[in-house]
Amino acid sequence: MDYLLSIIIPEYNQNYVYLKQCLDSIFLRQQDVDFRRIQVILVKDSLEDDITDFYRYPIEVLQTTGHTGCGIARQIGLNAATGEWIYFIDSDDYLLTPQSLRYRIKEIEAHPEALRFNFSYLRENDYTVQTYGLNALYGSIYKRSLINKYDLHFLPERERYEDVAFVSTYSYLVGFENIHSSTTFPIYYYRDNDNSITKIKQPAGYYGKMDLWSMNYTIRTLMKEHVAVPDSVYQFWIFRLTRELASTDFKAILGNYLSEEDRHNFNWIREQAGKVWARTTEEEYQGVKNAFGGLIKPGQYPQLDSIAAIVELCKVRL
């Protein structure tokens, strides 16, 4: 039987209890699911972790060369996946309800026109219900044939936040009108794990460089597919970039972290973004702010409080 859904779980130095809870939530808690239609791939990114206890689950275990990063682990799982749809789960998260998988399958079958499915999740740190936005990988479902068609992949040089480039590029390519969002109730539990790689403190300029790489990936992929780069690409990425950098100027943050090629690309992106922001309407601007789910508080970053301020920030030269 062909798989309907391939679930990919990257694992590195994971808490035994967390990983067990993740797998139990799939194989022991889910109701009314035909697991002959579900492929579960666990990708180990550690050479030291002993996961032999988990071989009792009907999973495919793959191994990286060790300590390669979540992006490469996900890519290895993606290369081995054969399901019609791809579903990424983090090894420290889990499916929240016994109907989580059944609900996802019903949504797929009920909306054959959709090319991506978004679902709601519960955040551990503040116990609030969130919906998946443009840059959220976990919990959403993607069509494998389209990933292959556009040659979408996780950037090997990215040790984290590699999912932002993947998800946003996929969404722009398939079109937002083809994304089905279900916000009825949360069916995924997102754990705020203090030991995860996203919690490791990084030097100044790190996040700006990550976002710059992601934006380059998105723009280059769209151009390769002869898709006109919409204004929303620049609006989203510059807003995201300036959110990280708004407390200072680009030169102070990025000056020591960009190669000459990065610097050239950044200046080109800045010039394009300045033009886009100059013609951005107030309604569009508020839409970009809302996409961050209230993460930007009024007055927190004065440089983000108006379109004109962002345009001026985009004009700063390295």
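This is a predicted model: local features need pLDDT of at least 70, side-chain atom pairs count only at pLDDT 80 or more; totals for chains, interfaces and linings use all residues.
Which residues is W277 in contact with, leaving aside its neighbours within four places in sequence?

**Figure 1. W277 and its surroundings in the largest nonpolar core.** Setting aside neighbours within four places in sequence, W277 is in contact with Y234, Q235, I238 and F239, and also with Y285, I307, I310, V311 and C314. As general background, nonpolar side chains tend to be buried together in soluble globular proteins.

**Figure 2. Helix α1 and what covers it.** Helix α1 takes in residues 16–27, so twelve residues by the DSSP assignment. From first C-alpha to last it reaches 16 Å, close to the 16 Å expected at 1.5 Å a residue. At the start of the helix, a side-chain oxygen of N15 comes to within 2.8 Å of the backbone nitrogen of V17. Which residues of α1 are buried? They are L19, C22, L23, D24, S25, I26 and F27. The cover over these buried residues includes strands β1 (5–11), β2 (38–44) and β5 (94–95), along with helix α3 (100–110). C22 has a relative accessibility of 1%, so it counts as buried.

**Figure 3. The R74–D90 salt bridge.** Here the side chains of R74 and D90 meet, with 2.8 Å from N to O. The pair links distant parts of the chain: R74 belongs to helix α2, while D90 sits in the loop between β4 (85–88) and β5, 16 residues apart. Are the two partners buried or exposed? R74 counts as buried because its relative accessibility is 5%, and D90 is buried too, at 14%. Look around D90 and, leaving aside neighbours within four places in sequence, you'll find contacts with I9, C22, R74, Y138 and Y188. In general terms, side chains of opposite charge can pair when their charged atoms come close.

**Figure 4. The K143–E84 salt bridge.** This one joins the side chains of K143 and E84 at 3.1 Å, N to O. K143 lies in strand β8 (residues 141–143) and E84 in the loop between α2 and β4, so the pair ties together parts that are 59 residues apart in sequence.

**Figure 5. The D231–R279 salt bridge.** For this pair the side chains of D231 and R279 meet at 3.0 Å, N to O. D231 lies in helix α7 (residues 231–245), and R279 is in the loop between α9 (260–278) and α10 (282–290), so parts 48 residues apart in sequence are tied together. D231 is partly exposed, with a relative accessible area of 28%. How many salt bridges does a search of the whole structure find? The search finds nine.

**Figure 6. T68 and its polar contact with D45.** T68 has its place in the loop between β3 (60–63) and α2 (70–80). The side chain of T68 makes a polar contact with the side chain of D45, at 2.7 Å. Leaving aside neighbours within four places in sequence, T68 is in contact with D45 and A73.

**Figure 7. The chain as a whole, for orientation.** Zooming out, the protein chain has eleven helices and ten strands. Of its 318 residues, 54% count as buried. Take the contacts with a separation of 6 or more: residues 24 or more positions apart account for 76% of them. How many disulfides are there? The count comes to zero. As for individual cysteines, C70 is partly exposed, with a relative accessible area of 23%, while C22 counts as buried at 1%.

Key
Residues are numbered from 1 along each chain as its sequence is written. Side-chain values use heavy atoms; hydrogens and water are left out. A nonpolar core is a set of buried Ala, Val, Leu, Ile, Met, Phe, Trp, Tyr and Cys residues joined through side-chain atoms within 4.5 Å. Buried means under 20% relative accessible area, exposed over 50%, partly exposed in between (1.4 Å probe, protein chains only). Contact means heavy atoms within 4.5 Å. Helices (H or I, at least four residues) and strands (E, at least two) are DSSP runs, numbered from the N terminus. A polar contact is a pair of N or O atoms within 3.5 Å; within protein, one must be able to donate a hydrogen and the other to accept it, and residues adjacent in sequence count only if both atoms are side-chain atoms. The expected span of a helix is 1.5 Å times one less than its number of residues. A salt bridge is a side-chain nitrogen of Lys or Arg within 4 Å of a carboxyl oxygen of Asp or Glu. A disulfide is a pair of cysteine sulfur atoms within 2.5 Å.
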